[in-house]
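Thanks for making the time this morning. I would like to walk through one structure with you, going slowly enough that you can follow along on the screen.

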Amino acid sequence: MDADHLSQRLATVADYIPQGSRLADIGTDHAYLPVNLLKRGIITGGVAGEVVRGPFENAQREIAREGFSDQLTARLANGLRAIEPTDQIDTVAIAGMGGALITQILTQDFDRLAGVRRLVLQPNVGAMQVRQFLMTHGFQLQAEQILSEDGHIYEVLVADRSDHPQTYTEEQLRFGPYLLAAPNAAFVTKWRHEAQRTREVLQQVQAAKTVPTEKVAALQAELAQIEEVLERVSA
Ligand code: SAM
């Protein structure tokens, strides 16, 4: 992968970055996403944020090599602290991390999202937590994608600022309202795998000397919900 050849996962993230926007790509690594978007004239500029020095230096090198140092600034910073008001960022992308870390990054410096109208988030796992965050922090889901690449399944969540985000049920938060409405093969594969994993955890928990009844009940309820959804979408 490079800035001219994004993975299908990052290309899907790129698809939801609005034309003419100013992007902060948090956890940018090589800065392939923002450089690709600049090369194609989709973003006008922005920030490539990284918390680890090695990837930060990769980003700096890539930006300089492609001649975008005037439009795109690499910053060594934790999460949203890479964004300054003068950057005029309106779109934030966070890709390739777990949902818990994405949620932590968004929560811990929430005020830095003041001018941001769109979030494009790609949790590797834990999408439910990200949907919960969006619903409770003034962002309305606009689109969701689920895709399979190199043996992994990825979700991409797109949300825009809203005064009244829709309230979702637990089922919608777990599976994704848009994904539930149009389930594809990756969706079915993911949830078959999750059902199997939940069965295994349930067996282990039930085999414990002191069986934690609340945990068993929660796992049973989760498994029943997954099986019901799988049955519904396969019907
Ligand atoms: N976003 C790229 C992608 O999707 O291909 C790179 C994903 S890479 C697996 C995750 C990157 O996020 C790493 O380079 C890591 O250093 C960075 N990262 C992790 N926590 C971070 C944080 N709190 N703030 C900024 N970057 C972070």
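This is a predicted model: local features need pLDDT of at least 70, side-chain atom pairs count only at pLDDT 80 or more; totals for chains, interfaces and linings use all residues.

In strand β7, the residue that bridges to L141 is A159, and A159 also stands opposite L119. Residues are numbered from 1 along each chain as its sequence is written, and side-chain values use heavy atoms, with hydrogens and water left out.

Strand β7 covers residues 152–161, and when I say strand or helix I mean DSSP runs numbered from the N terminus, with helices being H or I of at least four residues and strands being E of at least two. Strand β6, residues 139–149, pairs with β7 in the antiparallel sense over 10 bridges, and strand β5, residues 118–123, pairs with β7, again antiparallel, over 4 bridges; two strands pair here if DSSP finds at least two bridges between them. The hairpin of β6 and β7 has 2 residues between the strands, and D150 there takes a positive phi near 50°.

How much of β7 is buried? Of its 10 residues, 7 are buried, so to speak mostly covered, where buried means under 20% relative accessible area, exposed means over 50%, and partly exposed lies in between, with a 1.4 Å probe and protein chains only. For β6, 8 of the 11 residues are buried, so the strand is largely enclosed by the rest of the structure.

The C-alpha atom of Q145 is 9.8 Å from that of A182, although the two residues are 37 apart in sequence. A182 sits in the loop between α7 (177–181) and α8, and at 54% relative accessibility A182 counts as exposed. There is another such pair in E170 and Q132, which are 38 residues apart along the chain with their C-alpha atoms separated by 9.2 Å. E170 belongs to helix α6, and at 46% relative accessibility E170 counts as partly exposed.

The structure holds 3 aromatic pairs, a pair being rings of Phe, Tyr or Trp (the six-membered ring for Trp) with centres within 6.5 Å, called stacked if the planes are under 30 degrees apart, edge-to-face if over 60, and tilted otherwise. Why is the pair of F175 and F187 called tilted? The ring centres of F175 and F187 are 6.3 Å apart and their planes stand at 45°, so the pair is tilted. Because F175 lies in helix α6 (residues 170–175) and F187 in helix α8 (residues 185–206), the pair ties together parts that are 12 residues apart in sequence. F175 is buried, with a relative accessible area of 0%, and F187 is buried as well, at 1%. F175 forms a tilted pair with W191 too, at 4.4 Å centre to centre and 50° between the planes, and this pair links F175 in helix α6 to W191 in helix α8, 16 residues apart. W191 is buried, with a relative accessible area of 5%, and F175, F187 and W191 form one aromatic cluster.

Let me finish with the ligand. Which residues are closest to the ligand? Of the 16 residues that surround the ligand, the closest are R9, G27, E50, N78 and G79, where near means that a heavy atom of the residue lies within 4 Å. A side-chain N or O atom of R9 is 2.7 Å from an oxygen atom of the ligand, a backbone N or O atom of G27 is 2.7 Å from a ligand nitrogen atom, and a polar backbone atom of G79 is 2.8 Å from a nitrogen atom of the ligand. Taken alone the ligand exposes 600 Å², and the protein buries 79% of that, with areas from the Shrake-Rupley method and a 1.4 Å probe.

The elements α1 (8–15), β4 (91–97) and α4 (99–108) each supply at least two residues of the shell around the ligand, and β4 gives the most, with 3 residues.

Terms used
A polar contact is a pair of N or O atoms within 3.5 Å; within protein, one must be able to donate a hydrogen and the other to accept it, and residues adjacent in sequence count only if both atoms are side-chain atoms.
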